[in-house]
Every structure is written in structure tokens, then in C-alpha cells.
Amino acid sequence: MPREITAFSNPLVKRVRSLRDKKHRRDEGLFLAEGLRILTEAREAGILPDYLFFAKGHETHNLAAALIEQTEARGGEAIATDSDILSKLSGKDNPGAVVGVYRELPTDLDRIDRTRAPIWLVAERLRDPGNLGTILRTADAVGAGGLILIDDCVDPFSVEAVRASMGALFTIPIARAPWDAFHDWLRAGPGQLVGLALDGAVDYRAPDFAPPVFLLTGNEAQGLPAAYAQACDLRVRIPMLGKADSLNAAVATAVMAYTVLDRIRPSN
């Protein structure tokens, strides 16, 4: 039977609220996700929260009821609360009906099996959590094997990134690595590294691509460092026909990901 918490001073509320801060997430190895759709995506992927806060009165909703039942069956705790507490936890004025506290997912590069998909997305020094979440959704949409985050990227377990991913955080594997470690790992096996760049790049519609393709997108403001671009097997550009000099990083990634799928050359 779920217990009820409605006091802001409750120690668990304070602890969970602190997970909106990166330092506390890192110290505890926990992160927050909010909303029935996102938590249901996690549940369907076999991932359940350690703590599930739900709005009183929603326990009869089919999706919320399934979350409550399976969280408790897996050893987690379901907690009834009110919208004020949910707002405090999620940081939203109009929070969803549920907030979950999850164990951080593994992000080791060595666990990635490059042979399981023809395309992988790679982001370098990505700073915007909305872009990260959108790229995760793109990875899901194109059937990518996963997303590899290079160097100092925004935390994929921030509330904003999790929300922007619309559940893809739970269905798309994520790895994190410095550039040198990623490059050494990539060159130890098959993989075509394709960078979105300007200098020395060809039109994105021109080449064929050889799987597995690792599509590399650079920092939103600065693009790829010159050394990283030079290390790519292929550099491609998306023509700008108007006054803008570039596309948003997540948009450019999506355009290129679908182009790769359309022009990928079957492996022998």
C-alpha cells in the first residue's frame, strides 16, 4: 500500500528535489523523470523507478496503476502526493501526474556493440539539453544503435534532457567518452566516421555510406574542432540556401541521419 507524503519538509522530498542538481545526481547515481508517457516508455523497456511519486486520485488510471503495481513488485516504493509536491520535484508549474527516481543508466563505451545497427549518432560538446533530447528521439526514429557523447557534453540525465527525449533515454543506449578514447575504440573495429562540417566537405546528398556509420555532430556554436574533422573518413555539409549559415545541431543531425539511411551501402 503506497504511503502518502504532502509535506515539503519531508526528507525524501528534499532528497529527490536535490536531484535536479548535477552534483547530487552524480553523488547519488540517481536521476528524475516526469510524466506518464516517459515513465511508461521506461516501464515497457523493463526499467522501473526506485521511487514513484504519483498524484492522489490518479492511481486508478490504467498507466499509473501499472506503474505503481510494477514498481512495488520490483522492490521500489510508490508514494501518493499532491500537485504542489510534484511541481517542487519536477520544477514545472504544471507537472505531470507522476515523477520517478531512477538509477543512472550505464554509459561505458566498451558495452557498445557496433554490429547491432547500421547507424550510430555521435555528439561532441553538445551543450543544450533540448538538443540532446531531440537527438535521442532522432536516434530512436531512425533505428540507430545508440548515442555516443564526446568530451564535455550536457548531462543526459538532467531533468530537461530527460524531458526532451520523450522517453528515448530509456530505449536508446548512451555512451560517454573523451575524444581519444572514442577514436581509439572506433578504429579498433569497423566503422565509417562521418562528420558534419564546412571545410573540405562534400554535399550531404553525394556520397554513399558504409555501415556501421558513426554520424558526428559538433558543438552548437563552434562546430567540430579541426583535428576531429580531419580524423573523419568523410566530411559532409548541408547547403544553406537562405541567410542562415547553419542549421540547429539537432535538426542537422536528423536530416543527415535520414540521408544516411537512404544512401547506406549494404555491407558485404
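Visitor: Why is the contact between Arg 127 and Asp 152 called a salt bridge?

Guide: In this predicted model, the closest N and O atoms of Arg 127 and Asp 152 are 3.9 Å apart. A salt bridge requires a side-chain nitrogen of Lys or Arg within 4 Å of a carboxyl oxygen of Asp or Glu. The pair therefore meets the criterion.

Visitor: What makes this pair a tie between parts that are apart in sequence?

Guide: Arg 127 lies in the loop between strand E6 (119-124) and helix H6 (129-142), whereas Asp 152 lies in the loop between strand E7 (147-150) and helix H7 (159-165).

Visitor: Why is Arg 127 called partly exposed?

Guide: Its relative accessibility is 43%. Buried means under 20% and exposed means over 50%, with partly exposed in between. Arg 127 therefore counts as partly exposed.

Visitor: How do you know that Glu 34 and Lys 92 meet in a salt bridge?

Guide: The N to O distance between their side chains is 3.7 Å, and the cut-off is within 4 Å. The pair therefore qualifies.

Visitor: What makes the contact of Arg 125 with Glu 124 a salt bridge?

Guide: The N to O distance between the side chains is 2.3 Å, and the limit is 4 Å; the pair therefore counts as a salt bridge. Glu 124 has 0% relative accessibility, so this residue counts as buried.

Visitor: How many salt bridges does a search of the whole structure find?

Guide: The search finds 14 salt bridges.

Visitor: What makes E1 and E2 edge strands of the sheet?

Guide: The open sheet has five strands in the order E1-E4-E3-E5-E2, with mixed pairing. Strand E1 (3-4) and strand E2 (30-34) each have a single partner strand, so one side of each is left without a neighbour in the sheet.

Visitor: How do you know that E1 pairs with E4?

Guide: Two bridges join E1 to strand E4 (residues 77-81), and pairing requires at least two. The strands therefore count as paired, and they run parallel. Arg 3 stands opposite Ile 79 in E4.

Note on methods. Residues numbered from 1 in each chain as written. Predicted model: local features only at pLDDT ≥ 70, side-chain atom pairs only at ≥ 80, totals over all residues. Heavy atoms only, no water. Helix = DSSP H or I, 4+ residues; strand = E, 2+ residues; numbered from the N terminus. Buried < 20%, exposed > 50% of the residue type's maximum accessible area, 1.4 Å probe, protein only.
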